[in-house]
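This report describes the overall dimensions of a chain and then turns to the packing of its helices.

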Amino acid sequence: MSARFAAPKGMNDILPAESHRWQGLERLLRGLSHAYGYREIRTPIPEATALFTRGLGEATDVVEKEMFSWEDQGGDRLTLRPEGTAPTVRAYVEHRLDAQEPVSKLYYIGPMFRRERPQRGRYRQFHQWGAELIGAEEPAADAEVIALLVTALRQLRAEGVRVLLNSIGDDACRPAYREELQRFLRGRLDRLCEASRARVETNPMRVLDCKVPGCIEATADAPRMIDRLCEPCAAHFAELRRLLDLLGVEVAIDPRLVRGFDYYTRTAFEVQMAYEGAQNAVAGGGRYDRLVEELGGAPTPALGFAVGLERLLALVPADLFAAPAAAVFVAAVGARARDLALPLVDRLRRQGVAAEFALAGRGQSGAPSLKSQLRRADRSGAPRAVILDDRDIERGVAILRDLAMSRQEEVPLADLEPRLAALLAPRA
């Protein structure tokens with residue numbers, strides 16, 4: 001017996017029974033992105049490893065444990081992209097998009113890769129929709145980005161949505177807070193989990209994000225960045241909250257909310273939704289005013305978000321995106337009928353009509369029976385079927401059948417295509 005293969009661990013096939021939901025979701029997200037003025041960018045799946053070690057920070061979990069990296073035949077270190085922001089900013093800098101327009105609004109939809117422990121909603125190959133607004137520092141930019149995300153979730157009829165908001169300061173006020181937080185955490189090392197103890201010296205704010213109950217309890221009274229913002233950061237945050245209120249976007253302030261990568265500054269936000277009885281993050285983002293400069297560009301304010309599509313699809317109503325159905329099914333009985341049917345189906349398809357034609361299946365000798373073809377017609381979802389039979393063709397007619405109403409009529413062959421065109425034309 002020949003060897004049988006399976007998809008790599010944590011990487012899944014998207015089969016035809018499910019792919020229509022992906023297509024519907026992507027259509028909605030693309031349309032909404034365009035409505036908000038964002039244009040698509042597509043970056044390579046592998047990027048230079050240094051892009052992520054420099055952009056994300058070497059003390060992050062992604063860089064330390066989760067990247068798929070290798071050295072190619074030429075000695076270059078490459079990594080399958082674990083996220084979309086750093087590649088988007090790399091392309092922005094490389095192609096001088098700042099010289100083309102003062103503000104760049106970009107979005108992407110595509111696969112990302114992290115070597116995590118696979119579990120439901122978290123895979124080693126996963127997909128994200130992300131939006132990046134580069135070149136604007138006023139709070140209105142933050143409000144627009146958050147509004148785009150919230151509008152998408154509303155249009156997806158997602159329930160139980162919570163928007164969490166925080167400010168994590170900037171280079172003017174965060175260093176002093178970081179030292180204060182480190183002093184606090186050093187006094188409670190014995191109460192922290194192993195991962196959090198390691199972060200105290202390298203990335204102390206991430207300790208506040210730890211979900212281990214002991215760490216949550218040990219840091220319940222930790223100093224809060226939101227209480228130590230410099231005047232510009234505090235003013236930015238206050239104006240953002242005012243603008244979100246104007247837009248009708250309800251938020252909950254969460255002083256413990258931080259982002260996992262080093263490039264974030266000021267605004268941090270997360271969207272949580274009910275998932276198997278608990279609130280789980282499906283989207284996150286924030287402002288990253290230092291990243292463009294860090295990757296070789298001029299100092300440039302920027303912000304964005306990313307959404308996990310697998311988690312999103314698990315939360316939106318199953319009936320939101322209907323499976324595609326054929327508009328007409330053409331069944332043929334007899335050699336002459338099949339010679340008429342195939343060109344008819346081809347002409348309909350070239351006109352943009354979803355037309356189906358029954359080919360012989362595995363194990364069938366000759367053309368399938370009419371009964372078999374009509375069963376396929378029912379499964380196709382087509383509301384109508386054309387039945388061509390050699391005996392009817394001798395009389396110059398075809399059968400036009402309404403599959404939903406179980407009614408049929410004879411139509412002269414010469415009138416068949418005009419009749420179909422009238423039936424299948426979009427209604428005004």
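## Overall form and helix packing

The secondary structure of the chain comprises 15 helices and 16 strands. With a radius of gyration of 28 Å, well over the 22 Å that the globule rule gives for 428 residues, the chain is more spread out than a compact globule. The model is a predicted one, and in it the C-alpha trace spans about 95 × 60 × 45 Å along its principal axes. Buried residues account for 49% of the 428 residues, and among the contacts with a separation of 6 or more, 69% join residues 24 or more positions apart.

| Helix pair | Axes come within | Crossing angle | Handedness |
|---|---|---|---|
| α5 (residues 139–155) and α9 (residues 231–246) | 9 Å | roughly 45° | right-handed |
| α6 (residues 174–186) and α7 (residues 194–202) | 9 Å | roughly 145° | left-handed |

The axes of α5 and α9 cross at roughly 45°, which makes α5 oblique to α9. On the α5 side the contact is made by P139, A140, D142, A143 and I146, while α9 contributes H236, E239, L240, L243 and L244; by class, this contact of α5 with α9 has 7 nonpolar, 1 polar and 2 charged residues.

In the pair formed by α6 and α7, the residues R178, Q182, L185 and R186 of α6 meet V200, E201 and T202 of α7, and the residues of this contact divide into 2 nonpolar, 2 polar and 3 charged.

Conventions: Residues are numbered from 1 along each chain as its sequence is written. This is a predicted model: local features need pLDDT of at least 70, side-chain atom pairs count only at pLDDT 80 or more; totals for chains, interfaces and linings use all residues. Side-chain values use heavy atoms; hydrogens and water are left out. Axes are lines fitted to C-alpha atoms, for helices over the stretch in contact, and angles run from 0 to 180 degrees between N-to-C directions. Helices (H or I, at least four residues) and strands (E, at least two) are DSSP runs, numbered from the N terminus. Angles under 35 degrees count as roughly parallel, over 145 as roughly antiparallel, 65 to 115 as roughly perpendicular and the rest as oblique. A crossing is left-handed if the near helix is turned anticlockwise from the far one by less than a right angle, and right-handed if clockwise. Contact means heavy atoms within 4.5 Å. Ala, Val, Leu, Ile, Met, Phe, Trp, Tyr, Cys and Pro count as nonpolar, Asp, Glu, Lys and Arg as charged, and the others, Gly among them, as polar. The radius of gyration is taken over C-alpha atoms; the globule rule is 2.2 Å times the number of residues to the power 0.38. Buried means under 20% relative accessible area, exposed over 50%, partly exposed in between (1.4 Å probe, protein chains only).
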